[in-house]
Amino acid sequence: MPVAGFQVSTINMDHNIPFSEERIWDLGLRLWRRAKAVMAGQSSSGWELAVNESGVLKGHEGAVLAVRFNGDGNYCLTCGKDRTLRLWNPHRGIHIKTYKSHAREVRDVHVTTDNAKLVSCGGDRQLFYWDVSSGRVIRKLRGHDSEVNSVKFNEYNAVVVSAGYDRSVRAFDCRSQSTEPIQIIDTFQDSVMSVHLTKTEIIAGCVDGTVRTFDIRMGRELVDQLGHPVNCISLSNDANCVLASCLDSTLRLLDRSTGELLQEYKGHKCKSYKMDCCLTNTDAHVVSGSEDGFIYFWDLVDASIVSSFRAHSSVVTSVSYHPKDVCMLTSSVDGTIKVWRK
């Protein structure tokens, strides 16, 4: 059913207005305090970055569109233009299983917290709900009118939320035998590229230049206007900030409670491709791929580039940081997945 009863509140942000020195100081202090709080009690190794290549995973035929660590970081899943999903132990360089059922490219995947089920989406307009161990498709979830870009389980693994080119976000009940969505949110003006969930919210990034937050409990929609197409969003580990990758080659960090722009990160190239971004597991650094095959690390507070290096021979489509260790996975149009350590 279509979403009903959402009160829309729009937050307009003009990023052409330069920050005053007072505001820069204020925001810098807040970010420094956030980073310091996150790092409290950790050793200095928490500041080390995964910049040294330690392994390469090969098996996909063609571009690898996404790579995702599972919840504990022991395994990873990859999505290919070859219409397959692959399960790996990236730490030992072992390919474990291939999942085949998609009719077109696979664009995103998410696994349940108990590692028993996974859900994938792609160019064939459907969501595939899989049993991990057997590789069997439990159910195909239908409803999108075009390609599906992003998919996530909620924290109870009972609901799947997806985002698509049909300008909608759709929710499906995994416990039901129905293949149709239980809720449709269609207030977007263009393709929805990325979706994330908290306990009570759906957060989505859209090509219409917005990051939209839907508070399910309050029935309220908050709209952050960024003014540039958003192709990926990622949450900080404390869930207080959202990082948005925009097609003007800029990453923007927003305070989720106020919608305030905290920082901008530049230097990479992002004009045409959907590419992931994320924060490291300490929330001390921002990470993104680049269309020229480079990986960039920025300091969270002052937005300086602390490391950049060529990781792949073509576009870096995806980055995934280990939940605890100094370890990162990257994937590329060049068909490889690489493992990086300190």
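Start with the rings: this predicted model holds 9 aromatic pairs. Select Phe297 and Tyr321 to see one of them. The ring centres sit 6.5 Å apart and the planes meet at 80°, so this pair counts as edge-to-face. Now colour by strand: Phe297 belongs to S25 (residues 294–299) and Tyr321 to S27 (residues 316–321), so the pair ties together parts that are 24 residues apart in sequence.

Next, pick Tyr265, Phe294, Tyr296 and Trp298, which ring pairs link into a cluster.

Now go to the sheet. Show S19 through S22: these 4 strands form an open sheet in the order S19-S20-S21-S22, with antiparallel pairing. S19 (230–235) and S22 (261–266) each have a single partner strand, so one side of each has no neighbour in the sheet. On average, neighbouring strands here are turned by 20° against each other, ignoring direction.

Zoom in on S19 and S20 (residues 241–246), which pair antiparallel over 5 bridges. Click Ile233 and look across to S20: Ala244 stands opposite.

Stay on Ile233 for the last stop. Which side chain has a polar atom 2.9 Å from the backbone oxygen of Ile233? Select His196 and you have it. His196 lies in strand S15 (residues 192–197) and has a relative accessible area of 18%, so it is buried. Show what surrounds His196 and you'll see contacts that include Lys152, Glu201, Ile233, Ser234 and Leu235.

Notes
Residues numbered from 1 in each chain as written. Predicted model: local features only at pLDDT ≥ 70, side-chain atom pairs only at ≥ 80, totals over all residues. Heavy atoms only, no water. Pairing = 2+ DSSP bridges. Helix = DSSP H or I, 4+ residues; strand = E, 2+ residues; numbered from the N terminus. Axes fitted to C-alpha atoms, helices over the stretch in contact; angles between N-to-C directions. Buried < 20%, exposed > 50% of the residue type's maximum accessible area, 1.4 Å probe, protein only. Polar contact = N/O pair within 3.5 Å; in protein donor to acceptor, adjacent residues only side chain to side chain. Contact = heavy atoms within 4.5 Å. Phe/Tyr/Trp six-rings, centres within 6.5 Å; stacked < 30°, edge-to-face > 60°. Lists of a residue's contacts leave out its neighbours within four places in sequence.
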